[in-house]
Amino acid sequence: MLIIIRALRLPAACLSGELELPLWYSYRFLSSGAHHLFYKIPQRAKHGNAHEALQVFCHINASGTKPTRFILCTALNSCAKTLNWWLGLQIHAHIVRAGYEENLILNSALIDLYAKCGAIVDARRLFDGMKKHDQVSWTSIIAGLSQNGHGREAISKFRKMMCVDVKPNCFTYASAISASTGLENPFEQTALLHAHVLKLGFNTNGYVASALVDSYTKCGRMDPAILLFEETTEWDNVLLNSMISGYSQNLCGEEALKLFMKMRKENLSPTDHSLTSILHACGSLTVLQQGRQVHSLVIKMGSESNVFVVTALIDMYSKCGFIDDAREVFNQTVQKNSVLWTSMIMGYAQSGRGSDALELFKHLMTSEDYAPDHICFTAILTACNHAGFLDKGIEYFNKMRDYGLIPELDQYACLVDLYARKGHLRKARQLMEEMPCDPNQVMWSSFLSSCKVYGEVELGREATDKLFLMEPLNAAPYITMANIYAEAGLWAKVAEIRKLMQQKGIRKSAGWSWVEIDKGVHAFSVGDVTHPQSQEIYAELEKLNLDMKEAGYMLTAQYVLENTVLTMED
């Protein structure tokens, strides 16, 4: 009711275009011309010209001709596409004055408009105030709640819809599946909806398949996502983009690249979202050549103004070790927001160029009209951490409160790691006790690594005990603590850890490294003989070993101890 009152309070001149489109209000039209314009609105909207459709709609209102319900619905859909909440509210006022407030189609369009514009409270009130609901109105509210992060309420609405005499369609299921990702048990809810989809035969629908793939991959369940993707007979842009994004999010960069190349061969155009995903995949694989090719495609498509794409480009070049190229992309971007500034600062931090990160952050604070957020402070604290700037790290940590920010787990983790890396292990442990949140696995792991560097047995044992509880089957803390014991000469303790690992069946997984040569990626592991040039590689390695010995190189005690512990574990 409140939204209707607000709409009715708008001045009558609003719909003439005086407030939204003053240029169009200056025109005057004959009645015959207005009738001709009626046919242009759905035609313009149908061909994706939402802005033009709204301009024509304002023409009609300026002429004094009463628009039909169909024209009003088309105008509302155009408002939703352009996120024009203000003009949509004006049209809502016109609907109420014209006596169409009980029309199901118009109300569904209004719900969709308000939800897409972020006014989910108004959308909910409008839905709850409707006397009747049909398939479209149910789908609109479920989709709106899902898009605005109200997944639990969206699923609740979906269940209520199933209890009434209204059957969901493919769009309803796609919205409900998307809402599942925000629940506490997303995989179980997605699997349940998948069963519904199979029962009703919607599994071949592209929208539903894309939603299922997206939900499964966000849950980290790649097997059902891949199976569903391969079973889908017709692949479209939406489905391919969902799968590429899923591969990238789950660190399956090679598969993402293969699918992206297949997509290009079939002449399917990537979206900005898929470009962002594939750039992240290139960064995680550190394949610079492929990343540059995607960059060329970004320029060709005119996507270099998209903030997410530019951020992914900066991230890709940074991870590939070409931080100057990342800075060039940053400098060429005309409109910079806090996301881009943070990405560039983080790129410098991860590349070991802490001074450049601090200089950029200082420029952001003094010359740009941006207030840093938690993520930005995490980036600058990471830079201080990698560069060893303890005093600067403490200064920026304390400065967070000047911007009304309370330090969270990520910022505490950076400062704790900074203290520990500089050898202030007791101070780091004290900060872990005093912070308002419990230390997580990452914080304890980094703390344990610093205990290994400084030979701190007591604190290392405490960190290991915590990690044993958090990740009982992870071999890393066992191996690290064994090395600490070995360096301290506590070989009986080393034997105890070895025995404990054998009892639990824990083994250290082999590490992999890869290098890009002539547009091809070559992967290697310890003792690997699968490479076609293994004999030549080992011969060259033996030659390098001899050269190092002749040059006087000797293994340090630390590495001898690590090799001894690993041999015992194997």
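**Group meeting: pocket, core and one buried asparagine**

Hi everyone, let's start with the largest pocket, which holds about 590 Å³ of space. Keep in mind that this is a predicted model. The largest pocket is lined by 22 residues, and the ones closest to its centre are D112, K116, T139, A143 and Q147. Which elements give two or more residues to that lining? They are α6 (69-82), α8 (104-116), α10 (135-147) and α12 (170-180). Of these, α10 gives the most, with seven residues.

Now over to the nonpolar side of things. As a general point, nonpolar side chains in soluble globular proteins tend to be buried together. Here, the largest nonpolar core has 142 residues, and I345, I380 and F447 touch the most other members. Helix α30, residues 475-487, gives the most to this core, with eight residues. If you have the structure open, do click on I345: beyond its neighbours within four places in sequence, I345 is in contact with A357, L360, F361, L364, C376, A379 and I380.

My last stop is N241, in helix α16, residues 237-249. Is N241 buried or exposed? Its relative accessibility is 7%, so N241 counts as buried, the cut-off being under 20%. What does the side chain of N241 make a polar contact with? The partner is the side chain of S274, at 3.1 Å. Setting aside neighbours within four places in sequence, N241 is in contact with M263, T271, H273 and S274.

Key
Residues are numbered from 1 along each chain as its sequence is written. This is a predicted model: local features need pLDDT of at least 70, side-chain atom pairs count only at pLDDT 80 or more; totals for chains, interfaces and linings use all residues. Side-chain values use heavy atoms; hydrogens and water are left out. On a 1 Å grid over the protein atoms alone, a cavity is a set of points where a 1.4 Å probe fits but cannot get out, and a pocket is an open set with protein on both sides within 12 Å along at least five of seven lines; lining residues have an atom within 4 Å of a point. Grid points are joined across faces, edges and corners, and a volume is the space filled by probe spheres set on the points. Helices (H or I, at least four residues) and strands (E, at least two) are DSSP runs, numbered from the N terminus. A nonpolar core is a set of buried Ala, Val, Leu, Ile, Met, Phe, Trp, Tyr and Cys residues joined through side-chain atoms within 4.5 Å. Buried means under 20% relative accessible area, exposed over 50%, partly exposed in between (1.4 Å probe, protein chains only). Contact means heavy atoms within 4.5 Å. A polar contact is a pair of N or O atoms within 3.5 Å; within protein, one must be able to donate a hydrogen and the other to accept it, and residues adjacent in sequence count only if both atoms are side-chain atoms.
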